[in-house]
Amino acid sequence: MRVSDLLSAPGRAFPSLEIVPPPKGMTRTELLDGIRPFMEFSPRFINVTCHRDEFEYRPEADGSYTRRTVRRRISETAVCGAVQSEFKVEVVPHLICGGATAEVIESQLYDFRFMGIGNVMALRGDSLEGEKRFVPTKGGYAHADELVSAIRSFERETGTQGAFCIGVGGYPEKHFEAPNPETDLENLKRKVDAGADYIITQMFFDNRVYYDFVARCRAAGITVPVIPGLKPISSLRQVALLPETFSIDIPVELTDELSASPERAYEIGREWCGNQCRDLLAHGVPAVHFFTMGRPDNILEILRACF
Ligand code: FAD
């Protein structure tokens with residue numbers, strides 16, 4: 001079922017999840033056992049993140065270095081296959097421009113269609129470690145709106161219009177590269193105008209930021225659903241890490257509370273996120289998306305309390 005149909009279906013709001021493919025060496029059983037406890041809360045779809053290949057330079061006997069491609073994780077396609085065959089849940093593979101030519105993207109779309117996958121999340125991806133700015137791959141796409149257009153062209157060219165329901169990323173606190181929130185919103189609208197069906201936001205820790213973002217989207221003529229993305233903080237270290245990694249703010253009330261009782265960071269973060277979730281549900285959001293990032297226990301507790 002298309003994510004957009006799930007979002008517009010009557011009934012209670014539901015949780016959705018985002019998982020990261022496991023490192024190579026983890027078994028299918030280990031992966032599925034980690035997801036199984038979430039099924040009690042009927043997530044309607046599970047996003048699977050996509051990670052571009054990395055490179056490393058290995059020293060050779062003659063003193064030179066050879067650049068090698070390193071893939072550290074199981075592919076999102078393999079993970080989607082395992083999850084959809086085990087659980088009755090829609091899978092949403094992430095597709096990124098980074099490191100991929102148009103031909104590679106097209107092959108991935110054929111794979112998804114072959115697997116009966118009708119949902120996809122279209123993203124640009126981040127720059128490689130050591131790169132200051134994102135460098136598009138030769139023969140690939142520079143921005144997510146181009147990727148969305150390419151997916152819609154693929155459908156037209158293969159006579160499968162509407163085969164994919166497309167999600168894109170949105171940044172309530174602005175994408176870090178955008179010069180200002182207005183330009184970022186114009187760029188978000190480009191993605192929707194190119195054919196995106198819904199938006200999933202970057203994580204945020206103050207719901208007012210999300211409500212304001214949705215209002216700005218609507219004022220800019222963006223009418224598709226905007227699904228809030230949440231992640232509970234679980235350690236004091238994340239107070240420094242998350243803003244640095246995702247260019248987001250953490251409210252002073254939360255940082256004060258965490259600094260006063262670092263040993264209770266897990267509980268404080270869980271309660272804060274649970275309160276955010278309850279407030280979002282009370283405001284009528286159709287779904288709440290949880291970034292699990294390999295730490296599922298606190299999210300399970302939030303789901304138990306809120307859904
Ligand atoms: P874009 O929409 O291309 O935007 C990137 C920047 O360019 C923004 O500043 C925007 O304002 C600007 N821009 C956009 N379009 C144009 C245009 N046409 N002309 C000029 N400027 C433009 N990363 C991964 O590598 N793998 C994942 O699985 C992954 N999952 C994610 C899931 C969610 C919900 C979110 C919110 C992000 C995810 N990311 C993932 C991170 C994402 O790839 C990065 O945030 C990336 O830097 C931007 O991706 P984007 O799709 O938003 O890019």
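**Close-up views of the ligand shell and the barrel**

**View 1. Helix α6 gives the most to the shell around the ligand, with four residues.** Welcome to a predicted model, in which local features need pLDDT of at least 70, side-chain atom pairs count only at pLDDT 80 or more, and totals for chains, interfaces and linings use all residues. Residues are numbered from 1 along each chain as its sequence is written, and side-chain values use heavy atoms, with hydrogens and water left out. At least two shell residues come from each of β5 (90-96), β6 (119-123), α5 (144-157), α6 (181-193) and β8 (198-203). Helices (H or I, at least four residues) and strands (E, at least two) are DSSP runs, numbered from the N terminus.

**View 2. Here are the residues around the ligand.** There are 25 of them, and H94, D126, Y171, D184 and K191 come nearest; a residue is near if one of its heavy atoms lies within 4 Å of the molecule. By type, the shell has nine nonpolar, eight polar and eight charged residues. In this grouping, Ala, Val, Leu, Ile, Met, Phe, Trp, Tyr, Cys and Pro count as nonpolar, Asp, Glu, Lys and Arg as charged, and the others, Gly among them, as polar.

**View 3. Eight strands close into a barrel with parallel pairing.** Follow them around in the order β1-β2-β5-β6-β7-β8-β9-β10. From one strand to the next, the twist averages 30°, taken between axes fitted to C-alpha atoms, with angles from 0 to 180 degrees between N-to-C directions. Strands β5 and β6 pair over three bridges (pairing needs at least two DSSP bridges).

**View 4. Strand β10 (residues 287-291) is mostly covered.** Five of its five residues are buried (under 20% relative accessible area, 1.4 Å probe, protein chains only). A287, H289 and F291 lie on one side, V288 and F290 on the other. In a regular strand, side chains alternate between the two faces of the sheet. β1 (residues 14-19) pairs with β10 over five bridges, with E18 partnering F291.

Methods. Buried means under 20% relative accessible area, exposed over 50%, partly exposed in between (1.4 Å probe, protein chains only).
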